[in-house]
Each structure stands twice: as structure tokens, then as C-alpha cells.
Amino acid sequence: MKPLRIGCASAFWGDTNSAAEQLVTRGEIDVLVFDYLAEITMSILAAKRMRDPSAGFANDFVDHVMAPLLPEIHRRGIRVVANAGGVNPLACKAALEAVAEKAGIPLTVGVVLGDDLLARKREFTDAVHLDDPAQPLPATLVSMNAYLGAIPIAEALRAGADVVITGRCVDSAVVLGPLMAHFDWAPDDYDRLASGSLAGHILECGAQCTGGNFTDWESVSAGYADMGFPIAECAADGGFIVTKPEGTGGRVTAHTVGEQMLYEIGDPRAYLLPDVTCDFTAVTLSDLGDDRVSVSGVKGQAPTHQYKVSATYPAGLRCVAMFMIGGIDAARKGRASASAVVEKVRRQLLATGLADFTGVDIHCIGAEESYGPHARPAAVATREVVVKIAVQHPNPRALKLFSREIAQAATAMAPGFTGYFSGGRPEPSMVPRLFSTLVPKSSVPVEIVVGASRRPVTLPTAGGWQGAGPEPVQAPAVDTDTTVPLIRLALARSGDKGDHANIGVIARDPAYLPYLAAALTPRAVAGWFAHVLRDGANAAVQRWALPGTHSFNFLLPHALGGGGAASLRTDPQGKAFAQMLLEYPVPIATSVLK
């Protein structure tokens with residue numbers, strides 16, 4: 001069978017709408033997929049559905065992407081898979097069908113149902129937090145969704161759906177599902193399922209594998225205005241090539257693809273998905289030239305018998321104010337003013353019988369405060385900063401006090417205050433906190449709706465994954481005579497895993513690996529990031545090796561101040577962590593440098 005070409009047009013809800021048109025008209029694709037959902041997105045969509053029963057899905061998908069492109073998608077016979085259903089996939093289906101009917105285009109829309117467990121939350125009262133078994137399921141939830149897999153998507157496509165809409169599923173499933181349907185891969189063909197899942201993992205963040213967010217950004221930046229979105233050219237045996245539409249911006253190389261492979265993963269020997277457990281350690285990336293990279297070597301094993309479930313719950317309210325201050329000692333002036341505002345409000349809270357803030361974060365942006373002890377003296381002495389004050393409290397009255405008092409900084413505190421960025425007094429907003437747990441697959445019935453037909457899907461629930469066990473960390477003895485920053489020797493990318501952060505590091509040359517292994521020990525990385533880790537330099541940072549791509553992956557536990565929308569930090573997802581690590585001093589032998 002000829003390869004199946006799958007293009008990904010969305011990495012998140014809010015990504016550019018131009019990507020779909022690019023892939024449809026210039027990509028010569030067979031399947032178009034979209035990834036819209038993140039944990040915070042689910043809580044936003046749930047709130048929309050509470051206000052309007054017909055809402056709760058990514059309406060951009062229907063109104064701004066599919067509506068204008070439906071004629072061309074239909075003419076070319078492209079099938080579409082999107083997790084745009086959010087918490088209301090049937091409403092998304094109805095909206096898309098209405099658009100197709102108005103345009104006079106025959107369209108069979110399929111939907112995957114079963115991930116939304118919110119109405120069944122009382123059945124899971126024994127669920128405990130993945131990272132803290134002492135933490136029970138919160139009584140009040142905004143959303144509760146299981147991460148479903150690819151088999152229901154494949155079933156909907158086999159049943160004749162032109163478009164398949166899902167709610168929450170693992171991001172890679174939107175790619176694996178079409179591959180299972182097209183090549184008739186069996187649910188226990190684990191090596192092929194792992195390869196299809198890796199294709200999905202590489203594509204799921206859109207242009208991040210075609211040069212976006214790339215360490216060597218200057219080699220790509222000339223193409224930023226027309227970034228090419230990714231295409232996986234997948235063969236029946238599981239092998240695939242990553243590419244992009246010809247003539248578009250960006251780059252596809254072994255390094256751009258490798259950075260994305262390492263993005264937001266934990267143990268690379270055990271990337272746990274509903275359909276398969278993937279082992280990325282022996283993956284090889286072969287640069288074929290002309291923006292084509294061949295990917296092979298991924299291995300698969302049985303999955304577990306459980307689904308991961310992400311719930312969100314209200315964890316109080318927050319208010320964020322930002323202002324600029326300039327002049328000599330700008331950062332010191334800004335922090336003194338911000339601290340004074342917080343202290344003044346605290347006194348008022350005490351006087352009115354309200355409790356103290358449950359969280360405060362002051363950040364002088366521009367003074368390299370994110371770098372902690374690694375900030376440069378020149379940055380600390382900068383003459384202009386943007387001061388961010390974020391406060392959290394369960395009572396909106398407390399945040400209204402803060403909102404009123406922040407204005408005094410303009411005339412009653414340090415000189416150089418130039419105004420607010422919020423356009424007025426900041427308003428309180430809810431803090432949605434993530435609760436991750438596991439539930440048995442057998443307790444989550446899944447259905448598909450294709451056209452007017454609805455039926456259950458039979459899924460494997462037994463699991464069988466046995467665990468990877470600990471990986472010993474090797475720190476080889478090496479002879480060194482100089483020290484260079486890590487960026488000279490490696491590329492890196494970071495992301496979030498809840499409240500944890502990951503950093504993938506790829507050696508620019510295999511000869512550098514022993515020096516990276518000797519320098520970047522878990523203890524050394526914990527020390528470098530001690531200022532952001534909950535447990536400081538004693539944090540249990542983990543490191544795994546991926547010999548096939550000459551790389552390492554690090555997991556930094558509790559590094560994000562709660563993570564995602566629950567964090568008050570300026571970088572709540574650890575996106576800049578890799579950039580910080582790239583300045584780490586690595587001892588090396590001069591004779592090895594290239």
C-alpha cells in the first residue's frame with residue numbers, strides 16, 4: 001500500500017487558522033488532523049457549556065477552519081480527525097453538519113464519546129492523585145475527562161466517517177487512529193502502534209517539529225512568516241518520514257524532529273498511552289535532505305489496564321497586575337514597590353478578618369529573576385523592568401482590595417513608574433487546578449456516533465505493562481582541559497508534565513556524549529534549578545539516556561509552582577528551562593571540540 005500522508009494543522013486551541021489551508025492546498029495530504037485540547041482548555045470549555053448547553057467545543061474549528069475549507073477538503077477526498085469536541089462533541093458535530101448542509105456538501109461526521117466522566121464523578125470517589133496518594137478527588141470539579149486512545153477513532157473511520165470529532169484523547173491518537181483504520185493494524189500490533197503514536201507525538205505540536213521553538217532559531221527565523229506545518233508520510237510497516245509542504249518556511253532536520261520527540265515526555269522507555277507503551281530509546285532519525293527525516297526504531301509493548309484521567313477544580317481566585325518602572329536600580333525599585341503594595345493589602349486583610357493571601361508571586365521581568373543565582377549582574381542592574389504581581393485568595397473581596405490598592409504605586413512609591421499594562425484595574429479570575437488520577441479502562445464505556453448511528457466500541461482493557469524499572473545513571477570519568485556552555489555541545493527543549501518539567505538534551509555530535517553524561521548528572525541539574533524546585537537542590541531529578549538519538553531526557557519534579565493555570569509564576573510551563581540549561585558550563589577536552 002502507498003504511504004498515508006497525514007498533516008497536523010493545530011498544536012493548541014488558538015493556533016493559526018492558516019495552517020489548515022496550507023496543508024489542504026499545498027500538502028498533498030490524505031488526512032488532516034487537529035490537536036486543540038489541554039487541561040486548562042477543558043476547564044474553559046466546561047465553563048462555556050455551563051453558560052450555554054450548545055457550547056463547550058472549539059468553535060474555531062467549525063467556523064474559521066472547516067467552513068471555508070470544506071469544498072476543497074471534499075474535492076480532494078481528505079479525511080479529518082480533530083479533538084475539537086472538547087466537553088461537547090455532539091454539539092460540535094451538529095454545528096459542522098449544519099455548515100456542510102448550508103454549503104450543499106455531503107459529509108458524514110463521526111464522534112467519539114465516553115471520555116467525559118464529570119456526571120459520573122461519584123463513582124470514582126476512591127480515586128487518588130497520581131503524585132500524592134493522600135490527596136483524594138476534590139468534591140467540586142469543573143471537568144473530569146479520561147484520555148482515550150486511537151481505536152474508537154479508527155472504528156469511526158471504518159464506519160464511513162469523513163470527519164471524526166473527539167473529546168479528550170491522547171494527542172497522538174488523532175494520528176494513530178487513521179493509521180490503524182487505513183492499514184488495518186491490530187490492537188496488539190504494538191511495534192506498529194508505537195510507531196504510529198510516535199508519528200502523532202511528533203506532529204501534535206504543529207510547527208515545533210518543523211523549526212518552531214528550535215534551539216538554533218536563527219537558522220529558521222527567515223521563514224517564520226510562512227512556517228510549514230508538519231506532514232508524516234507513514235508506511236504500512238510503521239516507518240514514517242516527517243516533512244512539510246514544499247516551499248514553506250521552517251526546516252525539517254533530524255534535530256528539529258529530535259527536539260520534538262523529547263518534548264513533554266517522562267521515561268522514554270515507557271511513554272504510556274491507552275493503546276500501547278512506547279520505547280523511544282532506540283529511535284533513529286535519518287536526515288534525507290530536502291526537509292525529509294526518516295524515523296525508525298521505536299518499540300512497543302502492552303499498555304496498562306488504566307486510563308489517565310485529568311480533572312480540574314476551582315482552587316480560589318487570582319489577580320495579576322503589571323506595570324513598568326524605569327531608571328537607576330529599576331528592579332530594586334520595582335520589587336520594593338510591589339512588596340509594599342502586598343504588605344499594605346495584607347494589613348487590610350487582617351483588619352477586616354480575611355485570611356492572608358494563599359499565594360504571592362512578584363517578578364521583575366527584565367532583571368533575569370527567573371534565572372535565580374545565575375542572573376547576570378548587568379541584568380540585575382537594568383534600567384527598566386516590567387513588574388508582575390500575582391496574588392491568590394479564596395475570597396473575591398481580598399482581590400478587590402488588591403486591585404484598588406495597586407494604583408497607589410504610581411504616586412506614592414518609587415520613581416520611574418510609567419503605567420499599567422492591563423488598561424485599568426486588574427480583575428479577579430478563577431484558578432483551575434489540575435487533579436490527575438487513574439481509573440480502570442473497564443469502567444469507561446466508549447461509544448461512537450457516525451451519522452445517525454450510535455454503537456459501543458469494544459476495547460482491550462486487560463493491559464499487561466510490567467514496568468521499566470530504574471535506570472542506573474552513569475557519570476563516566478573524562479579528561480578535560482576547558483569549559484564551554486552547553487549550547488556549544490547540545491540542543492535542548494523543555495516543557496511541562498503537570499507540576500513537573502522535562503528537558504530534552506541532544507548532543508550535536510556523539511563524541512560529546514561522555515562529557516554531557518559526566519557534567520549533567522541529576523544532582524548537577526537539581527543544583528542548577530534549585531531556585532525553582534520545590535525541594536531545592538535535594539529534588540529527585542531523573543535522567544534517562546536515548547542512545548539512538550544521542551540524547552538525554554530529564555524530569556524535574558515539582559518545578560512549576562503548581563503547574564499550568566494553577567501556577568502564579570511567569571513561566572508556569574517551564575518553557576524557558578531549556579534556555580537556562582543551555583548556559584550550563586560543561587568541562588570538555590579541547591581536542592574533542594568541533
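The following dialogue explains how to read selected features of a predicted model.

Q: On what basis are the residues numbered, and which confidence limits apply?
A: Residues are numbered from 1 along each chain as its sequence is written, and side-chain values use heavy atoms, with hydrogens and water left out. As this is a predicted model, local features need pLDDT of at least 70 and side-chain atom pairs count only at pLDDT 80 or more, whereas totals for chains, interfaces and linings use all residues.

Q: In which element does Glu 259 lie, and is Glu 259 buried or exposed?
A: Helices (H or I, at least four residues) and strands (E, at least two) are DSSP runs, numbered from the N terminus. Buried means under 20% relative accessible area, exposed over 50%, and partly exposed in between (1.4 Å probe, protein chains only). Glu 259 lies in helix 8, residues 254-261, and counts as buried because its relative accessibility is 2%.

Q: With which side chain does the side chain of Glu 259 make a polar contact?
A: A polar contact is a pair of N or O atoms within 3.5 Å; within protein, one must be able to donate a hydrogen and the other to accept it, and residues adjacent in sequence count only if both atoms are side-chain atoms. The partner here is the side chain of Arg 493, at 3.1 Å. Contact in general means heavy atoms within 4.5 Å. Not counting residues up to four places away in sequence, Glu 259 touches Asn 213, Phe 214, Thr 215, Leu 491, Ala 492, Arg 493 and Ile 506.

Q: Which backbone oxygens lie by the side chain of Asn 553?
A: Asn 553 belongs to strand 25 (residues 551-556) and is buried because its relative accessibility is 0%. A polar atom of its side chain lies 2.7 Å from the backbone oxygen of Gly 266, and the backbone oxygen of Ile 265 lies 3.2 Å from a polar atom of that side chain. Leaving aside neighbours within four places in sequence, the contacts of Asn 553 include Leu 262, Asn 502, Gln 542 and Trp 544.

Q: What separates the C-alpha atoms of Ala 517 and Ala 475?
A: The separation is 5.4 Å, although the two residues are 42 residues apart along the chain. Ala 517 sits in helix 13 (residues 513-519) and counts as buried because its relative accessible area is 7%. Beyond four places in sequence, Ala 517 touches Gln 474, Ala 475, Pro 476, Arg 543 and Phe 552.

Q: How do strand 8 and strand 11 run relative to strand 12?
A: Strands of a sheet pair through backbone hydrogen bonds, either parallel or antiparallel. Two strands pair if DSSP finds at least two bridges between them. Strand 8 (residues 240-243) is joined to strand 12 by three bridges in the antiparallel sense, with Ile 241 as the bridge partner of Ser 294. Strand 11 (residues 284-287) also runs antiparallel to strand 12, through four bridges, and Ser 286 stands opposite Ser 294. Strands 11 and 12 form a hairpin with five residues between them, where Gly 289 in the turn has a positive phi of about 80 degrees. Strand 12 (residues 293-296) has Val 293 and Val 295 on its covered face, and Ser 294 and Ser 296 on its uncovered one.

Q: What is the order of the open sheet of three strands?
A: The order is 9-10-13, with antiparallel pairing. Strand 9 (271-272) and strand 13 (299-301) are the edge strands, each pairing on one side only. Two bridges link strand 9 to strand 10 (residues 277-279), and Thr 277 is the bridge partner of Leu 272.

Q: What volumes do the second largest pocket and the largest cavity have?
A: On a 1 Å grid over the protein atoms alone, a cavity is a set of points where a 1.4 Å probe fits but cannot get out, and a pocket is an open set with protein on both sides within 12 Å along at least five of seven lines; lining residues have an atom within 4 Å of a point. Grid points are joined across faces, edges and corners, and a volume is the space filled by probe spheres set on the points. The second largest pocket has a volume of about 270 Å³, and the largest cavity about 60 Å³. There are three cavities of 30 Å³ or more.

Q: Which residues lie nearest the centre of the second largest pocket?
A: Of its 13 lining residues, these are Asp 361, Glu 369, Ser 370, Val 532 and Arg 569. Strand 15 (359-365) and helix 15 (577-581) each supply at least two residues of the lining, and strand 15 gives the most, with three.
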